[in-house]
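Here is a short briefing to read with the model open beside you. Take it topic by topic, starting with a quick question.

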Amino acid sequence: MNKPSLLLVDDDRRVLESMADWLRGQGYDLDTAARYTDALERLRGKTYDLVLADVRLGDGDGFDLLEQCRRNWPSAQVILLTGYGTPDGAIEAIRAGAFDYLTKPLIDDELLMSVERALSQRNVITENSNLRAQLDRRVGLDHVVGRDPHMMRVYDVINSVADTRATVLVTGESGTGKSMIARAIHRRSSRAKGPFVEVTCGALPETLLESELFGHVAGSFTGAAGEKMGKFLQADGGTIFLDEIGTSSPAMQVKLLRVLQELKFEPVGGTKTYEVDVRVILATNEDLAQAVAQGRFRQDLYYRINVINIELPPLRARVSDIPLLAHTFLEQVREDARREVTGFAPDALVALERYHWPGNVRELQNVVERAVLLGKEHVITLADLPTDVRGATNFLVDRSAGTQTLKEALEGPERQIILSVLESNSWNRNMTADQLGINRTTLYKKMKRLGLEDGHPVSI
Ligand SMILES: Nc1ncnc2c1ncn2[C@@H]1O[C@H](COP(=O)(O)OP(=O)(O)OP(=O)(O)O)[C@@H](O)[C@H]1O
Ligand SMILES: [Mg+2]
C-alpha cells in the first residue's frame, strides 16, 4: 500500500514546520506550502489524498483553495484549519465541501482522527467513482446528464445514500432536475423493484392532500364516496416522493412530522393505524431555512427532513454541462422528429452557454426541442433560438439615454460579462480574475461597484 499523500498549507512557518514534523512522524507522505500560490503549484504537480489548509494565507485564503480543489482535484479531501474557530465558519466550510474544520493549535488526536476519517471517506468516494465510471463513461448517472464538478458530487451523494433508509431532501430552482434525482435515488436503492409514488403536495388543497397521502374511509368528508387507499400505503416497500413540500399548511406539517417519525398514520375519518415501510424523498424550490426563520415552516419538521440535502445548482452555475445537455436533448427529439439535424452552429452554442436560464434544464430542453422541430438547416442556428436566448450573445448598449457617460454606458455590458464568467467558474474569484485578465482586487472592486454579490452556489 502506498502511503497516503498529504499537503499542508500554512503561512506561519513555525506552525507549518512543527505540524509537518509531527504528521510525518505519524507515517504520512507530507509536502508543505507556505503560500496559496505555492499550494496550487504543488497540487498541479502531484495527486494528493488530503489537503490541510489554513484559512488565512498571506496571498489567498483557505476557502479559495478549497474551491480550487473541489473544481480541479475533486478526489482530494480538504480539511480547513483556523486560529479562530466559529460555528459559522465551520458550517460554511462543510457546505463548501470541506471534510472538516479544525481549530489550531492542532497537534493531537483530534487532528489525527480527522485525517484518518477524511482518508477513509476518500477511499469510499474513489471506489464509488470507479463504479460510476464503469456504469456510464459518457455522461452522468442513470438518465441524469452532466459532469460538472457540482453534479459529480451530487452523484457521489446519491451513490452513498441510495441504499439506505435515510430521508433525502432535494432542493434547487424549478427545472434543475429534482424529480429526476428522486427517481435516480429510488432506482439505485434495493427498493428499486418496489413502487415509486410521487405526490405533488403544493398542487392540492389541504383536505384533499391529506386523503391523497393517507387515504380515507367511506363518507369521511363531503365528496369522499368510497374508501380510498392513500399514497403512503401504495408506496409500502418502495419510495414516496413528496414534491413541493415548502408550501404545506401548518396542520399538514404536523401530520407529516408524525408519519416521518413513526411511519404510522390513520386514514381520514378512520381509526385503524397503518404502519408502512417507506423511504421518503422530499423536494422543494423554496428556501426552507428562510421559511423556518419566518415561521412558515416547522423547525422540527425541517430538522427531520434535512438529514441529507442534495442541492442542485441552477444551470447557469454549471455552464460546462450546457453543450452536453443540449446534444442529449437534440438526440432525443431528432429520433422523434425524423429530421437530419447534426448539431449546433458555434454561435448558437455560445448563446446557449451565455443565457441565464431562469427555467434551468427544463427550459433548455424546451428550447432545443423547439429548435429541432422548427429549424430548417442541418444544424441549429442562432435564428432557431428564441429572442431572449439569442440576445445573450450581444452585449447591447442602451443608447436611448443620450445623457449617459461612456463609463455609465459600459456598466451594463461589463456587469453581464463579469457575471457570466463568475457563473461559469462557480463564483471562484481567482479563476474569474484570471480568465478576465484582471487581478483579484480589481475584480472585487468591480463586483462591488456593479452590485454583484457573492452568489456562490452551495451544493452538498
Ligand atoms: N441533469 C439532467 N440530465 C438530463 N435531463 C435533465 C437533467 N435535469 C433535468 N432534466 C430534464 O429537465 C426536465 C425538468 O427536470 P425535473 O422535472 O426533474 O426538474 P424539477 O427540479 O423537479 O422541476 P420543478 O421544480 O418544476 O418540479 C425534465 O424533463 C428532466 O428530464
Ligand atoms: Mg419536480
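Does G359 count as buried, partly exposed or exposed? G359 counts as partly exposed, because its relative accessibility is 23%; buried means under 20% relative accessible area, exposed over 50%, and partly exposed in between, with a 1.4 Å probe and protein chains only.

This is a predicted model, in which local features need pLDDT of at least 70 and side-chain atom pairs count only at pLDDT 80 or more, while totals for chains, interfaces and linings use all residues. Residues are numbered from 1 along each chain as its sequence is written, chains are lettered from A and ligands numbered from 1 in the order in which they are written, and side-chain values use heavy atoms, leaving out hydrogens and water.

**Around ligand 1**

- The shell around ligand 1 has 18 residues, and V145, G175, K178, S179 and Q365 come nearest (a residue is near if one of its heavy atoms lies within 4 Å).
- By class, this shell holds 6 nonpolar, 8 polar and 4 charged residues (Ala, Val, Leu, Ile, Met, Phe, Trp, Tyr, Cys and Pro count as nonpolar, Asp, Glu, Lys and Arg as charged, and the others, Gly among them, as polar).
- Strand 9 (144-145), helix 7 (178-187), helix 13 (322-337) and helix 15 (360-374) each give the shell at least two residues; helices (H or I, at least four residues) and strands (E, at least two) are DSSP runs, numbered from the N terminus.

**Atom pairs at ligand 1**

- A polar backbone atom of V145 is 2.8 Å from a nitrogen atom of ligand 1.
- For G175, a backbone N or O atom lies 3.0 Å from a ligand 1 oxygen atom.
- In K178, an N or O atom of the side chain is 2.7 Å from an oxygen atom of ligand 1.
- Taken alone, ligand 1 exposes 630 Å², and the protein buries 83% of that (areas by the Shrake-Rupley method with a 1.4 Å probe).

**Helix 18**

- N428 caps the N-terminal end of helix 18, with a side-chain oxygen 2.9 Å from the backbone nitrogen of N430.
- Helix 18 spans residues 429-436, and its buried residues are R429, N430, M431, T432 and A433.
- Just after helix 18, G437 takes a positive phi of about 70 degrees.

**Two other places to look**

- G359 sits in the loop between helix 14 (346-354) and helix 15.
- L30 lies in strand 2 (residues 29-33) and is buried, with a relative accessible area of 4%.

Conventions:
Polar contact = N/O pair within 3.5 Å; in protein donor to acceptor, adjacent residues only side chain to side chain.
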